[in-house]
Amino acid sequence: MAASSTLCPKLSASAAGGFASSFNCRSDPSGNHHQTRPGRFSSSSRVNSVGVHGSFLTGGGGYGMSSSLILRFPPNFVRQLSNKARRNCSNIGVAQIVAAKWSDNSSTGSAAAAANAAAAASPAVPAVEESVELIAGANGPVVDGLDGKGDVQDLTNKLTYGSFLSSDGSIAVHAGERLGRGIVTDAITTPVVNTSAYFFKKTAELIDFKEKRHVSFEYGRYGNPTTAVVEEKISALEGAESTLIMASGMCASTVLLMALVPAGGHLVTTTDCYRKTRIFIETMLPKMGITATVIDPADIESLKNALNEKNVSLFFTESPTNPFLRCVDIELVSKLCHEKGALVCIDGTFATPLNQKALALGADLILHSATKFIGGHNDVLAGCISGSMKLVSEIRNLHHVLGGALNPNAAYLIIRGMKTLHLRVQQQNSTGLRMAELLEAHPKISHVYYPGLKSHPEHDIAKKQMSGFGGVVSFEVDGDLETTIKFVDALRIPYIAPSFGGCESIVDQPAIMSYWDLPRAEREKYGIRDNLVRFSFGVEDFNDLKDDVLQALAAI
């Protein structure tokens, strides 16, 4: 670890006695000596160039900087620097001393004694409830749950966020991170762990892992500390026992359907849904002998008939749906399905975990394309499934075989995005409702689809089970394909693009964006008319968006 002279800690008399041989520094070879802070840093000492791994790597101290100022740390000090010791250190130099003490005196000092020494050397910082405790191990200090790894702790959430966080907004910010994070770090933000595999110190440790006596990761496709934080955060929002995050929303949908509907089984779905989901159900599942009954989202009688006549394994639908924002009565369909032994999965992408709690309403699983509102910045692909540990584990087993793992860098973007989820959704709920009302009253708009409007066929259901109606509004322009194109092209704020739910507004004509490969007659079978527009309102100022929409309507 190379550093300028300002990075050499000055040890206090009480702390340095027994550690001076472990920490030495020397001056910068370039001659660019930086002025030190009086009473805190010093550059007077010069030593040889033994590096961090100098004890077992030859030439480890040089690295082409034979006289640079470096700190000489004992071997493996990072892994030996425990979470508790670091919490009690306001000066990182003191924490390094504690680590050195563990390394140099492992036969005589315990981790608890080291933590006490750190607390005595620096004013204690009041800590939140500890989720891990220090214990002494045969190979030196370890952290309970880390089992000597130093970077992976027990991923089971031992804390109840509801005991001190009263809102979804606070949970979205802190869940999985402030308490119970699977990565030991003092950083506010969760680190990105870029690794494809994880090592074991001894074969005995590997066997302990295989027999579930040791908590760790094994291979990147099976899990990652960064992605585990995303899963914990979403579980906390959904009130779920477990969450599985994957590479995309479609990945989540397809793996779920294959995992939960047996070969030769039957499922029920709805007419209005994302087209690629429909394609998978209509063309891929039949190859596995799986058939489907397709019903209108509000057709409860057809659902009852299917449950009575077929051996239904799963009822799978979106609520609200894409693109007409239809809503199913989640509580009612869950009751009916459970009476016949069928599972219920709701794709709540349009609703978000803030506007609708599908699990609390009786659903067995909730699915999201996290690409949309959860990520919220139009810069990442991801999908997630939340529910009971039993069901999610069943889906996870197939996921591990198919391999649609989320990259840890993408997981970091999801974590980042979720911290503003409540702020973004509040703005988008407000803008969506106000724009839906404005559009419904405009003479150049023939129809508006938005569950917050009284004219919506499931408005009463939406009011009962949703706390907000979202930022996506679909509507039909009073005109043909060309007139609608003229309106879309006249807009200045939104991007013409697929997807929705991000900070930037997005607009598209489904007839062109999603169904252009089908003849008009085929598109209209699905209700996709040439004048249909789907508008995802971002977090821009409402008045700016309103003015833009009005001027575009005035242009047609």
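I listed the contacts of Ser-319 (heavy atoms within 4.5 Å), leaving aside neighbours within four places in sequence: Arg-326, Cys-327, Val-328, Ile-346, Asp-347, Gly-348, Ala-351, Gln-356 and Gln-465. The model is predicted, so local features need pLDDT of at least 70 and side-chain atom pairs pLDDT 80 or more, while totals for chains, interfaces and linings use all residues. Numbering runs from 1 along each chain as its sequence is written, and side-chain values use heavy atoms, without hydrogens and water.

I placed Ser-319 in the loop between strand S6 (312-318) and helix H12 (330-339). Helices (H or I, at least four residues) and strands (E, at least two) are DSSP runs, numbered from the N terminus. Ser-319 has 0% relative accessibility, so it counts as buried (under 20% relative accessible area; exposed is over 50%, partly exposed in between; 1.4 Å probe, protein chains only).

Next, rings. I found ten aromatic pairs (Phe, Tyr or six-membered Trp ring centres within 6.5 Å; planes under 30 degrees apart are stacked, over 60 edge-to-face, the rest tilted). Tyr-450 and Phe-469 pair edge-to-face, at 6.3 Å between centres and 75° between planes. Both are buried. The Tyr-515 and Tyr-526 planes meet at 40° with centres 6.1 Å apart, so that pair is tilted. Tyr-515 is buried at 4%; Tyr-526 is partly exposed at 31%. Phe-350, Phe-373 and Phe-500 form one aromatic cluster.

Last, charges over rings (NZ of Lys or CZ of Arg within 6 Å of the ring centre and within 35 degrees of the ring normal). I found Lys-372 over the face of Phe-500, 5.4 Å from the ring centre. Arg-434 has its charged end over the Phe-542 ring, 3.7 Å from the centre.
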